[in-house]
Amino acid sequence: MTEVDRLMDFIDLKAQQARIRNDIDRRIAAVLDHGLYIMGPELVELESLLADYVGSRHVIGVSSGTDSLLMALMALEIGPGDEVITVPYTWISTAEVIGLVGATPVFVDIDPVIWNMDPELVRASITEKTKAIMPVGIYGQTSDMAAINRIAKEMGDIPVIEDAAQSFGATHHGKRSGGLATIGSTSFFPSKPLGGYGDGGAIFTDDDELAERMRWIRLHGQEKRDHHPVLGINGRLDSIQAAVVIAKMAIFDEEIVMRQRVAERYSEVLANAGVELPKVAEGNTSVYAQYTILSENRDQIQAVLSQAEIPSVKYYSVPLHLQPVFSNLGHREGDFPMTEKIASLGLSLPMSPYVSWEDQERLGAAISRL
Ligand SMILES: Cc1ncc(COP(=O)(O)O)c(C=O)c1O
């Protein structure tokens, strides 16, 4: 190492662990003591904490943020011949689950300001086969959920599934992400704003019938012992993961403020660096799952950062409509210009509540030297 005396993490989970290690140890020890490793009391406690946090009638803790989206589609009985509208600028899970239930993903482009689903394009893509709309809160803030919900309602009460894996903790007109649609979904993948120490996720809904069905689906379609009315999966959340997420929830709101402060400092140190900085839409707050800049020189910037031992990532540089797995949809380069633009210019910088001021200054100085 040269001018750095320690490596900078892309996502620093160690600093967080140091703060809450005792609580995590205590909660994991409690699981080891009671031995209810699956569907134990920690799951019930976490579901109740999350319901209060989001303001949702029902919360179902599940095995991952991918399984939660899959279970949402299964509960809505979406399958072959059906269409689900989503965006091509997202992690592959969002569209993958549509294919897994045999339905067709219908991509619409993202907006130029916050890089989320463009509501007006949704309206134009709705057909009689449209059975759901799946917006994603990319990089930490929600889509214009108010507009998307309005369009879904006008066009025949189409269910909306909010993929809040990255935006959990953010608000849209004062209401928390995860609770903004017919069904909300989040992920507890370790690097997410609210992550565990393994795979996990949660589903949110105010609809009693859908909630019951999703509880069945989480447990192999089981309504009660020896009775399986629908097909399900093994979609359960382990007690140990629930225990870890409970411990992290105690500091989550404080960490969101810390993330927002880190983002503000980035915008200061990069103000004159000749790169485009991320924006937050009016009515939104962001939890900055990522802090992503746009630049025509992103390869050069990445090289300079790498020399300074600062990690950075080009997320979704091949958008979903150009992935071989979706070649049957017949898309070509140029079909979704805004997605392709952000995919080719976006560079995500180290982000966590614990990024230090010195590291940010070092990063700003490295980029400004270009
Ligand atoms: C937007 C989005 N959707 C879904 C997922 C899937 O979550 P998981 O990794 O828990 O399956 C992720 C994260 O990985 C994501 O970023």
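A charge is taken to sit over a ring if NZ of Lys or CZ of Arg is within 6 Å of the ring centre and within 35 degrees of the ring normal. The model is predicted: local features need pLDDT of at least 70 and side-chain atom pairs count only at pLDDT 80 or more, while totals for chains, interfaces and linings use all residues. Residues are numbered from 1 along each chain as its sequence is written, and side-chain values use heavy atoms, with hydrogens and water left out.

**Charge and ring**
- The charged end of R176 sits over the ring of Y53, at 3.8 Å from the ring centre.

**Sheet**
- Strand 5 runs parallel to strand 8 (residues 183-187) and is joined to it by three bridges; E162 has G184 in strand 8 as its bridge partner.

**Aromatic rings**
- There are 14 aromatic pairs in the structure; rings of Phe, Tyr and Trp (its six-membered ring) pair if their centres lie within 6.5 Å, with planes under 30 degrees apart counted as stacked, over 60 as edge-to-face and the rest as tilted.
- The ring centres of F107 and F336 are 6.3 Å apart and the planes stand at 85°, so this pair is edge-to-face.
- One aromatic cluster is formed by F10, Y89, W115, Y139, Y315 and Y316.

Conventions
Pairing = 2+ DSSP bridges. Helix = DSSP H or I, 4+ residues; strand = E, 2+ residues; numbered from the N terminus.
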